[in-house]
Amino acid sequence: MSALPATSREWHLVARPQGEPKPEDFALRTAAVRAPGEGHVLVRNLYFSVDPYMRGRMGPTPGYAYFPPYDLNEVLGGHAVGEVVTANAPGIEAGDHVLHFGGWREYADVAAADVTKVGAVDGVPLTAYLSVLGMTGLSAYAGLFEVASFKEGDVVFVSGAAGAVGSQAGQLARINGAARVIGSAGTDEKVEALKERFGFDDAFNYRTAPVAEQLAKAAPEGIDVYFDTVGGDHLEAAIASLNEHGRVAMCGAIAQYNDIEPPPGPRNLAQAIGKRLSLRGMLVTDFEALQPRFIEEVSAWVRSGELDWRETIVEGIENGTGAFLGLFRGDNTGKMIVRLSH
């Protein structure tokens with residue numbers, strides 16, 4: 001066994017955010033590194049993921065998150081990919097690349113039962129297990145096919161469509177025979193990327209005019225499926241545009257994650273009755289059984305070039321919380337990932 005590092009830097013939550021999180025709510029601290037105990041492995045993290053749902057875990061109650069709240073003055077948990085430094089468990093060796101939930105830190109002591117060995121898939125990099133082949137990709141896949149019951153010929157609207165989940169959901173609909181795919185994004189550059197790079201039939205900048213007005217123009221005959229990552233005015237607009245028996249996959253609500261007061265519900269929710277709409281919330285953890293099929297199908301589309309994917313890589317652990325805060329400004333196209341410097 002090679003010599004272990006003496007210390008590791010890691011991000012802690014030090015205050016519960018009020019509204020939008022601030023840099024002073026976090027602290028980059030140094031912790032001692034020790035040899036792993038029985039059944040554990042020590043991982044040198046190469047990349048970690050920052051995700052909007054983490055905002056819900058920063059309050060005193062679960063809020064919009066589906067994990068318990070983060071403890072103050074403890075490392076922030078989240079998905080990471082790294083290289084095993086040393087292992088004290090059968091079946092895992094130094095040098096193996098693994099996916100785990102050990103979070104925002106340089107070195108992680110993780111139970112062997114909680115790591116998954118990963119490797120490059122025909123040239124697809126390790127970061128793919130945090131994006132196109134990871135939790136975000138499975139969210140798009142399960143939300144579209146299982147929750148929204150997508151079928152060939154549907155007209156699909158995706159909010160936050162330049163993000164990691166939205167960009168993949170829209171492309172999966174296109175690849176599988178959607179009649180039309182429409183997306184919303186927060187800049188003109190992202191709108192252009194949706195149409196030119198990701199193959200959306202139409203897209204609009206939700207900051208330039210009311211969402212309902214722009215969606216009605218993009219889909220004059222209505223929509224059949226709404227993949228929701230935003231909530232708020234996007235959900236209200238989608239309800240107005242949905243055809244009878246339309247389906248909504250409620251995957252996220254980033255528009256209200258930082259709200260201090262509860263937001264008002266969609267003012268037109270009663271339309272769901274007459275239109276016989278289905279609005280269904282989803283947690284990606286409910287769809288782990290889909291993982292083998294998801295990896296098989298999506299990796300094939302990635303290899304063939306049918307499914308395009310993009311990552312926004314932020315360099316250095318010291319910029320970890322900056323990357324997280326950037327999610328709420330729309331700094332990312334595709335998946336936001338932090339690459340650790342060693």
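**Note on cavities and a pocket**

1. The largest cavity holds about 80 Å³ of space. A cavity here is a set of points on a 1 Å grid over the protein atoms alone where a 1.4 Å probe fits but cannot get out, and its volume is the space filled by probe spheres set on the points, with grid points joined across faces, edges and corners. This is a predicted model, where local features need pLDDT of at least 70, side-chain atom pairs count only at pLDDT 80 or more, and totals for chains, interfaces and linings use all residues. Residues are numbered from 1 along each chain as its sequence is written, and side-chain values use heavy atoms, leaving out hydrogens and water.

2. Have a look at what lines that cavity (lining means an atom within 4 Å of a point): among the residues are Ser131, Thr136, Trp309, Arg310 and Lys335. Helix H2 (residues 164–175) gives the largest share, four residues; helices are DSSP runs of H or I, at least four residues, numbered from the N terminus.

3. Searching the whole structure turns up two cavities of 30 Å³ or more.

4. Of its 19 lining residues, His79, Leu99, Thr116, Glu288 and Gln291 sit closest to the centre. A pocket is an open set with protein on both sides within 12 Å along at least five of seven lines.

Key: Helices (H or I, at least four residues) and strands (E, at least two) are DSSP runs, numbered from the N terminus.
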